[in-house]
Amino acid sequence: MSDLNIAKSGYMLSNKPDYPRTPSWPYFVWIVFLCILFVLVFFWGVSFIFDAPLEEEAAWAKTPNPAKAPWYFIGLQELLVYFDPWIAGVLLPGQILVGLVLIPYVDISPTEQGKFSFFNRKFAVSFFSFGLFLWFFLILIGQWFRGPSWEFYWPLIDYPIGGMHWTYPGVPLKVSEAGTANVPNIIGFIGLVLFFGGGMVAPYLVAMMAGTNKIAARLKEYLDVLGPIRYVLIQVHVLLTLSVVVKMVLRLVFGFKYVVTTPYFNI
């Protein structure tokens with residue numbers, strides 16, 4: 001059975017009957033255990049040298065402005081600027097977790113399992129790297145470019161970067177929500193249909209018009225091997241990730257808060 005047939009049948013390479021196996025115990029488990037000990041000792045030593053980046057002691061009658069989450073959660077806090085809480089706090093983080101779980105099941109390169117090569121997995125590596133970059137970009141904006149009332153501030157121009165004191169004497173705070181508006185619902189619904197509907201069919205349309213174009217021909221070959229189910233799973237995640245970028249541009253560049261507004265939810 002060829003590797004391509006294995007991919008089409010849904011097999012992972014490790015399920016191939018004659019695939020060489022090495023027991024994880026004790027070889028791999030010992031390595032993991034030693035790595036855990038090394039990391040533990042390393043951070044234990046670092047904690048003796050540097051203080052944790054905590055804020056000042058909380059005052060019961062004073063609410064800090066802005067109230068920022070720890071840096072590793074501040075990307076999630078920044079997402080709340082662009083989406084309703086159910087999207088920013090449930091749907092998008094859930095999409096990330098589901099996407100990570102699906103990676104072994106949508107993989108069509110069983111011969112590359114256990115290898116780390118960009119050239120044999122250009123799309124997979126590029127998309128994963130883009131998602132990782134986007135997450136840290138959100139953290140960077142939330143940590144360094146958000147000030148009082150969670151408005152966008154330019155560090156070193158509007159206010160000092162980071163730190164505990166955001167205001168200069170005599171410099172007023174920006175007005176929260178100033179200049180934002182919502183896209184009319186009819187335009188928003190049409191935009192959503194075009195974005196998600198068009199995003200789902202566009203790769204197939206390009207592949208159908210392959211002709212002599214090498215890139216389109218390679219796309220057609222990729223879609224044929226991928227199959228419709230894997231394609232839908234991957235493309236839904238791609239479009240949801242790109243929708244975050246589109247929403248950020250609409251908010252930060254054009255000042256649009258929501259694309260669709262209803263009494264029950266906003267997008």
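Modeller: Let's start with a rule for reading helix pairs: a crossing is right-handed if the near helix is turned clockwise from the far one by less than a right angle, and left-handed if it is turned anticlockwise. Keep in mind as we go that this is a predicted model.

Biologist: Thanks! Which hand does the crossing of α6 and α7 have?

Modeller: α6 passes α7 in a right-handed crossing. Helix α6 covers residues 185-208 and helix α7 covers residues 214-252. Their axes come within 9 Å and cross at roughly 155°.

Biologist: How are α6 and α7 oriented to each other?

Modeller: An angle over 145 degrees counts as roughly antiparallel. α6 and α7 are therefore roughly antiparallel to each other.

Biologist: Let me step back to the whole chain. How many helices and strands are there?

Modeller: The chain has 7 helices and 0 strands. Reading from the N terminus, the elements go α-α-α-α-α-α-α.

Biologist: And what share of the residues counts as buried?

Modeller: Of the chain's 267 residues, 27% count as buried. The accessible surface is about 18500 Å², and carbon and sulfur atoms own 73% of that. For contacts, take those with a separation of 6 or more: 64% of them are between residues 24 or more positions apart.

Biologist: Let's zoom in on α3. Which of its residues are buried?

Modeller: The buried ones in α3 are Ile74, Gly75, Gln77, Glu78, Leu79, Val81 and Tyr82. As a general idea, an α-helix has 3.6 residues a turn, so residues three or four places apart point the same way. The cover over the buried residues of α3 includes α4 (85-106), α5 (122-144) and α7.

Biologist: How does α3 pack against α5, then?

Modeller: The axes of α3 and α5 are 7 Å apart, and the angle is about 85°. Angles from 65 to 115 degrees count as roughly perpendicular, and α3 and α5 are therefore roughly perpendicular to each other. On the α3 side, the residues that meet α5 include Trp71, Tyr72, Ile74 and Leu79. Their partners in α5 include Trp135, Phe136, Ile139 and Gln143.

Biologist: What is the angle between α3 and α4?

Modeller: There the angle is about 130°, with the axes 7 Å apart. α3 and α4 are therefore oblique to each other, and α3 passes α4 in a right-handed crossing. Leu76, Leu79 and Leu80 of α3 make the contact with Pro85, Ala88, Gly89, Leu92 and Pro93 of α4.

Biologist: What does the side chain of Gln77 have a polar atom close to, at 2.8 Å?

Modeller: A polar atom of that side chain lies 2.8 Å from the backbone nitrogen of Ala69. If we set aside neighbours within four places in sequence, Gln77 is in contact with Ala67, Lys68, Ala69 and Trp150.

Biologist: Now Arg230: is it buried or exposed?

Modeller: Arg230 counts as buried, because its relative accessibility is 14%. This residue is found in helix α7. A polar atom of the Arg230 side chain lies 3.4 Å from the backbone oxygen of Leu226.

Biologist: And what about Val249?

Modeller: Val249 lies in helix α7 too, and Val249 is partly exposed, with a relative accessible area of 37%. The C-alpha atoms of Val249 and Tyr82 are 9.7 Å from each other, while the two residues are 167 residues apart along the chain.

Biologist: Where does Gly131 lie, for comparison?

Modeller: Gly131 lies in helix α5 and is partly exposed, at 29% relative accessible area.

Biologist: Last one, on backbone geometry. Which residues are joined by a cis peptide bond?

Modeller: In general, most peptide bonds are trans. Here a cis peptide bond joins Trp25 and Pro26, with omega at about 5°. Pro26 is placed in the loop between α1 (3-8) and α2 (27-49).

Conventions
Residues numbered from 1 in each chain as written. Predicted model: local features only at pLDDT ≥ 70, side-chain atom pairs only at ≥ 80, totals over all residues. Heavy atoms only, no water. Helix = DSSP H or I, 4+ residues; strand = E, 2+ residues; numbered from the N terminus. Buried < 20%, exposed > 50% of the residue type's maximum accessible area, 1.4 Å probe, protein only. Contact = heavy atoms within 4.5 Å. Areas by Shrake-Rupley, 256 points an atom, 1.4 Å probe, with all protein chains shown as cover. Polar contact = N/O pair within 3.5 Å; in protein donor to acceptor, adjacent residues only side chain to side chain. Axes fitted to C-alpha atoms, helices over the stretch in contact; angles between N-to-C directions. Parallel < 35°, antiparallel > 145°, perpendicular 65-115°, else oblique.
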